Amino acid sequence: MKAIIVDEQTNRMSVGEWEDPKVGTNELLIDIKATAINRADVLQKYGKYPVPPGVTPIMGLEMSGIVEEVGSSVRGWNKGDRVCALLPGGGYAEKVTIPADMAIKIPDGFSFEEAAAIPEVFLTAYLNLFDLGQLEKNQTVLIHAGASGVGTAAIQLAREAGATIIVTAGSEEKLSLCKELGAHYTINYKKDNFAEKVSDITEGKGVDLILDFIGASYFEKNIESLKIEGRLILIGTLGGSRLEIDLMSLMIKRIKVFGSTLRSQTPAQKESLTKKFVEFAMPLLTNKRISPVIDCVFQLHEVNEAHEKMERNENKGKIILKIN
């Protein structure tokens, strides 16, 4: 099969040949139609995001496609079914195998490009808003990088849960998109101190939950922005991963801090998360109350250009890579 190969000397990517995967008894073999670019792919390309043991070195953490072969023990799926799924790796290729319990039926009316944009961002947003963040109706959530793939998914899920939503982003165009998706308040982090703005919006009370992709450079302001017994979910470290902190600020407010990555979850955890997400979100996806935000679509041979666009932080929503 064709797959994207990374030159470790130059970090450039090209289309090459790779051995076809073989389907296991509890697996589905998928003919991939589209995948999506994620920040983790960029980090992996530069050797900054190690591949878990036993996982293919081919990048790609999600995909959409057609079931080509069904494992002998699998029930409920048939050859020709349209599915999307989260992956530990392997999306930048023509074929991949997945545990059958990880497959998500593509809702009617969704293209393969739209479906490829669902798994990583929506499962990440669901995990951190609800499983870890325990977000409830009438609570307030601060979502950083609101126009990112996960950000746009989180806004929609928090809106459906009845939460008050504050977002940060770096341009008025991105903030406008966040408003359209359901954000109640927007903050341009390049112009304003977000902690001061959050204090004004919440009348000094702070927010219940923060989803943060930035890390060290936002940590102190995040703590300022949380109310008593607030929760901080650390999803990324775009602003660094090391810092010195005064632990009293956490203790006085009784803050809960969670570190979170989806890739390191066990297969059983991912299957459980997928099941919960499908139960919550499939009716919303089917009715198009929620949907992935797609910035642009690239062809497989344009993978370097797709990565460069993400590295320049130009995208609003997902960057899609067509495979077949």
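Which residue in S2 is the bridge partner of isoleucine 4? In S2, this partner is valine 15. The structure is a predicted model, in which local features require pLDDT of at least 70 and side-chain atom pairs pLDDT 80 or more, while totals for chains, interfaces and linings use all residues. Residues are numbered from 1 along each chain as its sequence is written, and side-chain values use heavy atoms, with hydrogens and water left out.

Strands S1 (residues 2-6) and S2 (residues 13-17) run antiparallel and are joined by 5 bridges; pairing requires at least two DSSP bridges between two strands. Strands are DSSP runs (E, at least two residues) and helices likewise (H or I, at least four), numbered from the N terminus. The hairpin of S1 and S2 has 6 residues between the strands, and asparagine 11 adopts a positive phi near 65 degrees there.

Asparagine 304 lies in helix H10 (residues 303-311). Asparagine 304 is classed as buried because its relative accessibility is 9%, the cut-offs being under 20% for buried, over 50% for exposed and in between for partly exposed (1.4 Å probe, protein chains only). Apart from residues up to four places away in sequence, asparagine 304 touches Arg12 and Met13, contact meaning heavy atoms within 4.5 Å.

Methionine 248, located in helix H8 (residues 247-253), has a relative accessible area of 42% and is therefore partly exposed.

An unreviewed UniProt entry lists residues 8-321 as "domain: Enoyl reductase (ER)"; such annotations may be inferred rather than shown by experiment. This span is 32% helix and 25% strand, and its end C-alpha atoms lie 21 Å apart.
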